[in-house]
Amino acid sequence: MSRDELIYLFMLLLSISLGHVVKHTKGARNKQLLCTGVGLSFVLILCRWQSFHSVFTTLVNAVIIKAVGPRKCHVWSFIFCFSYLAFFRAAGYFGFDPPTSFSNVVQLLLTLKIIGVSFEVHDSHKIKQAASTNSPEGEEKDKKVQRYVPTIEDPSILEHFHYGFCFIGILTGPYFKYKTYYDMLHHPHSASLPSIEPLLNRIKVLIPVGGAFLLFSHYFTVDYMKTDEFYENSYWYRTFYMVPIFVVFRTRMYSAWLLSECVCMSAALGAYPKALKPKCGQGPSIDPEEISGKEIDPSDYDYEAVHNINGYMCDMTTTFRDGMRWWNMSVQWWLKNFIYFRCPVRAWSTSATMLVSAFWHGIHPGYYLSFMTVPMILYAEDLLIRAFRTEQNKTAFDWLNWFLRMRAFDYLACGFLLLSWEAVTRYWASTFFIVHVVTFAFIGIGLAFQPKKKRKTDADSQPVVSSDRPTEDKNK
């Protein structure tokens with residue numbers, strides 16, 4: 001493990017211990033001050049003077065939301081935060097020290113949170129406005145974002161700051177909404193909520209995952225892929241080296257996300273009754289009024305609102321699209337609800353989402369090379385499924401598709417890890433751009449064999465299901 005990884009591990013273990021203190025602290029104000037005090041201390045210790053960027057961004061964004069108002073605050077918040085993120089990444093060109101790994105990750109996660117607040121304020125305003133005028137049209141528009149949208153009261157500038165610098169998730173995520181944070185602070189019986197048992201269940205998953213990371217990272221390294229010696233190996237050795245490298249990458253990320261979920265559980269953040277069907281990032285997907293007055297046993301709570309990674313589904317689901325869905329689920333939720341669903345040009349939703357995701361991750365060419373390959377892979381996969389997957393061969397097709405989509409993930413992960421244009425293209429070229437070539441070949445085959453469209457009659461010209469985007473998202 002590197003020095004930075006050891007520091008992350010120490011901070012996460014410390015956060016789990018402090019989370020239990022937060023859970024048993026009485027009074028929302030006391031919890032809030034404790035969370036902010038610890039979070040700000042973490043940022044100042046790890047980022048030092050570069051903490052200025054995070055503090056400045058949070059305060060300016062809070063002022064923008066207040067000054068612009070709820071109708072357009074989400075637009076201006078997005079523009080400001082991503083513009084400042086570009087400046088932050090390019091700080092070295094303006095005479096400042098380039099971001100450290102710690103200041104970069106804090107700024108990354110903070111950007112999601114403070115933009116997310118602006119969307120919560122905007123959506124809450126729309127819902128309240130629609131409710132006050134009894135506008136069915138307004139309600140229908142809100143359903144295009146998600147079925148149930150929790151509303152919030154406009155936070156003050158100080159409340160924005162407290163939320164941004166809450167120590168839970170400040171270094172590794174997951175993303176959680178302001179509403180989820182607020183519910184954690186104001187839960188009247190947080191001390192009685194379950195945390196030890198769900199935390200131990202995540203630790204059981206962490207032990208083999210962490211062990212796999214330590215084992216594979218000892219024998220397979222990204223640094224070796226950047227040496228001339230590596231390229232003296234055979235074609236097949238170079239090509240399949242990306243398989244263990246992706247094991248290292250994903251087990252490292254799984255370990256960090258599993259520990260970050262444990263931090264949330266220790267503080268009872270994201271604990272909701274199962275009856276509300278909470279979802280990662282979203283929180284409750286059913287209006288709490290539906291269970292108002294019912295007595296909820298502590299054992300009937302879960303932490304699905306902060307369940308950020310499902311390693312089994314990531315590794316075993318058969319399609320590329322579903323594999324992405326189970327990876328870093330809170331960020332996937334953020335991108336889906338704030339970018340994908342709201343993209344004004346439906347045909348460009350996926351590409352726009354991938355571009356925003358790449359920009360959010362960084363300015364290294366490897367991010368863009370990987371993310372902008374994703375729409376092509378998804379298109380090829382969809383074509384092949386329509387052309388060749390049948391009820392008779394679906395098992396064989398799905399397992400073959402699983403093998404191919406895992407190799408695509410291996411290939412794209414190298415873009416994330418090698419980062420520079422020279423390193424990424426050198427490696428991909430050494431494999432003869434195998435995934436790109438296969439993807440284009442599959443697109444051609446899929447187009448050639450796609451089933452012919454049936455002519456619509458008057459009887460079947462009406463849509464069978466609603467065309468709202470959440471319905472489309474079932475296949476996303």
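Trainee: Where is the place of Leu9?

Mentor: Leu9 sits in helix H1. Keep in mind that this is a predicted model.

Trainee: Which residues make the nonpolar surface patch?

Mentor: Met1, Leu6, Leu9, Leu13 and Leu214 make a patch of about 440 Å². Helix H1, residues 3-24, gives the most to this patch, with three residues.

Trainee: Which residues of helix H7 are buried, and what covers them?

Mentor: In helix H7, residues 157-164, the buried ones are His160, Phe161, His162, Tyr163 and Gly164. Their cover includes helices H2 (28-47), H3 (51-68), H5 (101-133) and H8 (178-186).

Trainee: Now to charges. How many salt bridges does a search of the whole structure find?

Mentor: The search finds 13. One of them pairs Arg202 with Glu261, with the closest N and O atoms 2.8 Å apart. Arg202 belongs to helix H9 (residues 196-219) and Glu261 to helix H12 (residues 242-266), so this pair ties together parts 59 residues apart in sequence. Both partners are buried.

Trainee: Which helix holds both Asp322 and Arg325?

Mentor: Both lie in helix H14 (residues 320-325), three residues apart, or about one turn of the helix. Asp322 is partly exposed at 21% relative accessible area, and Arg325 is partly exposed at 32%.

Trainee: And are Asp410 and Arg407 buried or exposed?

Mentor: Both are buried. They form a salt bridge with closest N and O atoms 2.7 Å apart, and both lie in helix H19 (residues 394-418).

Key
Residues are numbered from 1 along each chain as its sequence is written. This is a predicted model: local features need pLDDT of at least 70, side-chain atom pairs count only at pLDDT 80 or more; totals for chains, interfaces and linings use all residues. Side-chain values use heavy atoms; hydrogens and water are left out. Patches are made of residues with over 30% relative accessible area and no salt bridge: like charges are joined within 9 Å, nonpolar side chains (Val, Leu, Ile, Met, Phe, Trp, Tyr) within 5 Å. Accessible areas come from the Shrake-Rupley method with a 1.4 Å probe; for residues, only the protein chains shown count as cover. A salt bridge is a side-chain nitrogen of Lys or Arg within 4 Å of a carboxyl oxygen of Asp or Glu. Helices (H or I, at least four residues) and strands (E, at least two) are DSSP runs, numbered from the N terminus. Buried means under 20% relative accessible area, exposed over 50%, partly exposed in between (1.4 Å probe, protein chains only). Contact means heavy atoms within 4.5 Å.
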